Amino acid sequence: MKPSRSALLSLGSALALAATAVVPSARAAASPAAGSGAVVRDWYDVTAETVGAAGAPTQITNSRTWAIGWLAAARATREAPAGRDRAAFQDAAVASAVHDALVSLAPARVPQLDAALTASLERIPDGPGEDGGVAAGARQAKRALAERRGDGLDPGSVNAPYTVQPAAPGVWQPTPDGYAPAAQYGNRVARPFLLDSPDQYRLGPPPALDSRRYRADLAEVRAYGKADSSVRTPRQTETATFWYGSSLTLYTEPLRVAVTRSHRSTAERAELVALFHAALVDTQIATSDSKYAYTRWRPVTAIRTGSLGTDPAWTPLHQTPAHPDYPSGHNTYSGAAEVILDTLAGPRTAPFSLTSPTAPGVRRTYTGWSQLTRENVDARVFSGIHTRSADEAGVTLGKEVGRHALRNADRLFRP
């Protein structure tokens, strides 16, 4: 006989359930299947839905949520005993670990999370394997949450106040429209998962303002990134728009493709999800370190007020994010993602299609993770919000952090 639902819930979960009255969504309450990695797939979808519905306003905080839940799951699966109960243990461990972590980090979603846990456990055979997996998942979720307490990745810490430097050639200033205050300044002092320090892979300085490279960069973005550009093609405009949104959102489906197509074990699939997001948290920390080390102005500021022929009316295709140009955060993200996926899922796969919330109705097809990186590099130039040097430097930094995560992965997963 299955344990009662109340026996599966922690006291905190039960209290949060009593305090909320949200009807479970159809997807979260669907019956996740056990076996052959299906539990990983289904709890991947539960995590994506949870973050989408109740996530933080800061991307890195949501990356942290993914990392904590799946780190707990990966560690818990490593506790599985050999023998006939191993598969049941690992499936129950994944469901229990991700559930408990998400209950703590997204308490508004407790009804949906509890429904998904109950459905998962109903499909796992009764016995010591299931019981042991539930206990391991709960234990590792508690441990992972405790380890990351006070890591500086809450929204308030992420967007710590930044004092803008006096205006000068090359120095970042708030940008139109809105001239919002600097964002993500606090990332640079947050605690990484695997980096020894936020500045471990700090980039060298950006091209000098009077260099040939910078002149070429600015000429390119001035021509191709202008809102009413006469040289940017419709396909290039679509590329810019497709990749304009959150990197976390845009890479949720590629990672899902890698996870669901993998022939690896449940434990190894959980490790893929955990390492991907731990590396991407570290990448975002390293990105802000380099951004605020150099505080390079954005193209719109350089073109409107710079010395290379000013154009006060120049407007980019897309609004410029509120932080320095160098390096591009979209491209640090894509560089790290590419390295992790190439290594753990292989550099190529059967064709898969992606959509984008910033380009409704557009569907693009890919066969390798490097294609996503190449499009990201171009997209930020065509959007008018980054120089190509900033994009390419971002890929370099992201790949460095991704390789570091792969070399040090076992530090994360020790039970």
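Is glutamate 375 buried or exposed? This is a predicted model, where local features need pLDDT of at least 70, side-chain atom pairs count only at pLDDT 80 or more, and totals for chains, interfaces and linings use all residues. Residues are numbered from 1 along each chain as its sequence is written, and side-chain values use heavy atoms, without hydrogens and water.

Glutamate 375 is buried, at a relative accessible area of 15%; buried means under 20%, exposed over 50% and partly exposed in between, with a 1.4 Å probe and protein chains only. The residue sits in helix α16, residues 369-382. Helices are DSSP runs of H or I with at least four residues, numbered from the N terminus.

Beyond neighbours within four places in sequence, glutamate 375 is in contact with Arg235, Thr239, Trp243, Arg364 and Tyr366, contact being heavy atoms within 4.5 Å. With arginine 364 there is a side-chain polar contact of 3.0 Å, that is, a pair of N or O atoms within 3.5 Å, one able to donate a hydrogen and the other to accept it.

Now the pockets. A pocket is an open set of points on a 1 Å grid where a 1.4 Å probe fits, with protein on both sides within 12 Å along at least five of seven lines; lining residues have an atom within 4 Å of a point. Helices α5, α13 and α15 each supply at least two lining residues.

The second largest pocket holds about 220 Å³. Of its lining, α4 gives the largest share, six residues.

How values were computed
Grid points are joined across faces, edges and corners, and a volume is the space filled by probe spheres set on the points.
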